[in-house]
Amino acid sequence: MALPDLASQLEAQLGEAVSLNTSVSDLTTYRLGGPVAVVVRVFSENDLVTVGQSISSAQDEIPLIVIGRGSNLLVADSGFMGVGIILDGEFTEVKIEPGLRVTAGGAVPLPVVARQSAAAGLTGLEFLVGIPGSIGGAVRMNAGGHGREIREVLDRARIVDIQSGKTRICRADDLDFSYRSSNVKRHEVVVQAELRVSLDDPDACRKRIDDIVRWRRENQPGGANAGSTFKNPPGDSAGRLIDSAGLKGLRVGGVVVSEKHANFLQAEEGATARDVYELMKLVQRKVKESCGIDLESELHTVGFDENL
Ligand code: EPU
């Protein structure tokens with residue numbers, strides 16, 4: 001079965017949850033990039049298994065991306081000839097339990113988890129307010145900020161392998177976390193995370209949230225970007241290195257190295273995904289020339305000739 005047949009099968013099974021040729025610009029923080037051939041909103045683990053079975057029974061290999069909040073994703077202007085999954089429904093729920101545990105579905109935005117926990121007088125998750133992704137994406141890439149990473153607060157994650165239809169429930173130790181990395185595979189979807197918190201005064205929690213939001217406003221640009229473009233090399237900061245190489249303001253087409261924080265590449269009106277990709281390559285080359293360090297992309301790039 002080829003992609004169009006798969007799309008028809010999924011439409012027959014899941015109805016309006018399936019949309020064809022959806023522009024990824026509406027689904028990513030960069031607000032650019034081409035169409036995703038098949039987007040499926042999944043509302044339950046059953047839906048996920050249905051999608052997985054259809055993809056697995058296709059003769060052609062069907063590429064898959066989990067789109068999440070699209071805050072770390074760059075899709076080529078020519079688009080993505082595969083299936084993009086967006087979690088919805090039960091995956092958008094947050095449960096705050098008296099037993100000092102916060103349980104959040106994979107689709108829940110990190111700032112929502114941070115704010116709801118703080119309002120309930122639970123501390124430990126304030127740092128998540130500064131990260132624009134989803135809980136599922138954060139577990140997959142061990143997202144972090146303000147000196148903390150999700151692995152430090154993760155108790156258990158529930159992960160569905162959409163190839164096999166099996167679910168695994170993992171402790172943080174099972175996920176081989178390291179800086180911006182875990183062992184979660186491309187065909188696995190993090191559908192839920194249980195996070196550890198402790199009791200505190202709600203006002204103190206809210207103050208920490210406000211401090212982080214203020215820090216971000218002062219130190220990071222708004223607008224269309226995907227946060228940090230490159231991972232920090234061991235012991236240094238990608239932003240500092242790009243800045244030291246004199247690259248603030250460097251431009252390809254409609255994309256420019258931010259004057260506010262050099263690890264942010266800002267897309268202006270009319271920018272293309274190719275502009276972002278070419279500017280990433282140019283920055284990598286110039287930083288390598290200037291200090292010998294290879295910067296590695298933090299973004300998931302899809303549909304380009306090589307991964308950066
Ligand atoms: N710096 C410069 N010039 C710049 C930018 C930064 O000299 O243009 C210097 C700063 O002065 C500072 C150092 O570089 O001394 C580190 O900068 P910053 O504190 O902004 O932190 P970062 O390492 O650039 C990391 C995360 C961010 C997270 C912040 C806050 C990575 C790649 N980035 O940035 O995460 O928000 O810390 O904790 O780990 C993201 O991953 O998308 C992201 C935004």
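Student: In which strand is Asn-21 found?

Tutor: Asn-21 is found in strand 1, which spans residues 18-23; strands (E, at least two residues) and helices (H or I, at least four residues) are DSSP runs, numbered from the N terminus. This is a predicted model, in which local features need pLDDT of at least 70 and side-chain atom pairs count only at pLDDT 80 or more, while totals for chains, interfaces and linings use all residues. Residues are numbered from 1 along each chain as its sequence is written, and side-chain values use heavy atoms, with hydrogens and water left out.

Student: What is the phi of Asn-21, and is the residue buried or exposed?

Tutor: Asn-21 is not a glycine, although its phi is positive, at about 50°. Buried means under 20% relative accessible area, exposed means over 50%, and partly exposed lies in between, with a 1.4 Å probe and protein chains only; at 55%, Asn-21 is exposed. Arg-180, another residue other than glycine, has a positive phi near 55°, but Arg-180 is buried, with a relative accessible area of 16%. The place of Arg-180 is the loop between strand 12 (167-171) and strand 13.

Student: How are aromatic rings described, and how many aromatic pairs does a search of the whole structure find?

Tutor: A pair of aromatic rings is described by the distance of the centres and the angle of the planes. Rings of Phe, Tyr and Trp (its six-membered ring) pair if their centres lie within 6.5 Å, and planes under 30 degrees apart count as stacked, over 60 as edge-to-face and the rest as tilted. Here the search of the whole structure finds one aromatic pair. Tyr-277 and Phe-304 form this stacked pair, at 4.1 Å centre to centre and with 5° between the planes. The pair links distant parts of the chain, 27 residues apart, with Tyr-277 in helix 7 (residues 273-291) and Phe-304 in the segment after strand 18 (300-302). Tyr-277 is buried, with a relative accessible area of 0%, and Phe-304 is buried as well, at 11%.

Student: Which residues around the ligand come nearest?

Tutor: A residue is near a molecule or strand if one of its heavy atoms lies within 4 Å of it. Of the 19 residues around the ligand, His-146, Tyr-179, Ser-228, Asn-232 and Asp-243 come nearest. The largest share of the shell around the ligand, three residues, comes from helix 6 (residues 238-244).

Student: Which atom of Asn-232 lies 2.7 Å from an oxygen atom of the ligand?

Tutor: A polar contact is a pair of N or O atoms within 3.5 Å; within protein, one must be able to donate a hydrogen and the other to accept it, and residues adjacent in sequence count only if both atoms are side-chain atoms. For Asn-232, a polar side-chain atom lies 2.7 Å from an oxygen atom of the ligand. In Tyr-179 an N or O atom of the side chain is 2.8 Å from a ligand oxygen atom, whereas in His-146 a backbone N or O atom lies 2.5 Å from an oxygen atom of the ligand. The protein covers 72% of the 830 Å² of accessible area that the ligand has on its own; such areas come from the Shrake-Rupley method with a 1.4 Å probe, and for residues only the protein chains shown count as cover.

Student: Where is the place of Ile-62, and which residues does Ile-62 touch?

Tutor: Ile-62 lies in the loop between helix 2 (45-57) and strand 3 (64-66), and Ile-62 is buried, with a relative accessible area of 10%. Not counting residues up to four places away in sequence, Ile-62 touches Leu-3, Leu-6, Ile-55, Gly-82 and Val-83. The C-alpha atoms of Ile-62 and Leu-3 are separated by 7.0 Å, although the two residues are 59 residues apart along the chain.

Technical notes:
Contact means heavy atoms within 4.5 Å.
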